[in-house]
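Thank you all for coming.

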Amino acid sequence: MGGAPGVRRGGGTNRRFRGLMRAWDELRGRSGWRVVGLVRGQVTVARAGAVLARSTASGAIDRSAARARMAEVEHEGDAARAELVRALRRMLATPVDREDLFRLSRSIDDVLDHLRDYVRETDLFGPEDLGFAVEPLEAVIDGLDELENAVLKMLDDPGSVTVAVLATRKACSRVRQLYQAKLTELFAGPLEMDTLRRRELLSRLDAVGRRLGEAADALADAMLKRSH
């Protein structure tokens, strides 16, 4: 009986100490850099998924092998998002609006989800030639690079975030333009089963671009609120 209360008091002291250390880190701005690092980690995983999808489109990697590797990338993405969500829930203060960070994280996760579906669908029913998907995927990779650049500037150069976000949106517009152009080319030819397969895959890539645009919007909104 005598030892139990002491254990509880010790546990409570440790929890209070950890809470004080977190608060001290946040006062020194360390938590802001942790958020930046976690968001950047999520973008990095999404980029790895886009690079894998491009390798599939160019024929550099077998489709079934890409599908298996994408399952691993998706797991990494889920882990990165979960770590960010846990960190945001523990922090007393965040460098930008907490809800916008959740939106940003969710949109990045959606990008990876659609890339996963694209790779899976190329293996399930994709046409023999996937060359039409290389350019849109390169635009996605460019957009993710610009998004990462924007995230890295959140704390030490917030005025430059808008420029990087605009570059991300331009890459998303490029994905949409390529989608429309390639769809026009596709429907100019004979209507075959391959036509429908290519259309489905192009639509999937268009969805990737739209989700990436939503991530850019979430970050832009966060920075706008911070400036007021």
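Let me begin with a question: which residues line the largest cavity? Before I answer, please keep in mind that this is a predicted model, in which local features need pLDDT of at least 70 and side-chain atom pairs count only at pLDDT 80 or more, while totals for chains, interfaces and linings use all residues. Residues are numbered from 1 along each chain as its sequence is written, and side-chain values use heavy atoms, with hydrogens and water left out.

The lining of the largest cavity consists of Gln42, Val45, Ala46, Gly77, Ile108, Asp109 and Leu112. Two elements give two or more residues to that lining, namely helix H2 (30-58) and helix H4 (98-125). A cavity here is a set of points, on a 1 Å grid over the protein atoms alone, where a 1.4 Å probe fits but cannot get out, and lining residues have an atom within 4 Å of a point. The volume of the largest cavity is about 40 Å³, where volume is the space filled by probe spheres set on the points, and grid points are joined across faces, edges and corners. Searching the whole structure gives one cavity of 30 Å³ or more. Sorted by class, the lining has four nonpolar, two polar and one charged residues, with Ala, Val, Leu, Ile, Met, Phe, Trp, Tyr, Cys and Pro counted as nonpolar, Asp, Glu, Lys and Arg as charged, and the others, Gly among them, as polar.

Now to the chain as a whole. The protein chain has seven helices and zero strands, where helices (H or I, at least four residues) and strands (E, at least two) are DSSP runs numbered from the N terminus. Of its 228 residues, 43% count as buried, and by that I mean under 20% relative accessible area, with exposed meaning over 50% and partly exposed in between (1.4 Å probe, protein chains only). Contact, for its part, means heavy atoms within 4.5 Å, and among contacts between residues at least 6 apart in sequence, 82% join residues at least 24 apart.

Not counting residues up to four places away in sequence, Met154 touches Val36, Val96, Leu101, Val161, Leu219, Met223 and Arg226.

Let me turn to individual helices. H2, with 29 residues, reaches 42 Å from its first C-alpha to its last, close to the 42 Å expected at 1.5 Å a residue, the expected span being 1.5 Å times one less than the number of residues. Just after H2, Gly59 takes a positive phi of about 85°. Within H2 sits Thr56, which counts as buried because its relative accessibility is 3%; leaving out residues up to four places away in sequence, Thr56 touches Ile61, Arg63, Ala66, Thr122 and Leu130.

Phe102, in helix H4, is buried because its relative accessible area is 16%, and the C-alpha atoms of Phe102 and Val85, 17 residues apart along the chain, are separated by 7.3 Å. His114 also lies in helix H4, and, neighbours within four places in sequence aside, His114 is in contact with Arg204, Ala207, Val208 and Arg211. Lastly, Arg197, in helix H7, counts as partly exposed because its relative accessibility is 31%; Arg197 and Pro127 are 70 residues apart in sequence and 6.4 Å apart in space, C-alpha to C-alpha.

Notes
On a 1 Å grid over the protein atoms alone, a cavity is a set of points where a 1.4 Å probe fits but cannot get out, and a pocket is an open set with protein on both sides within 12 Å along at least five of seven lines; lining residues have an atom within 4 Å of a point.
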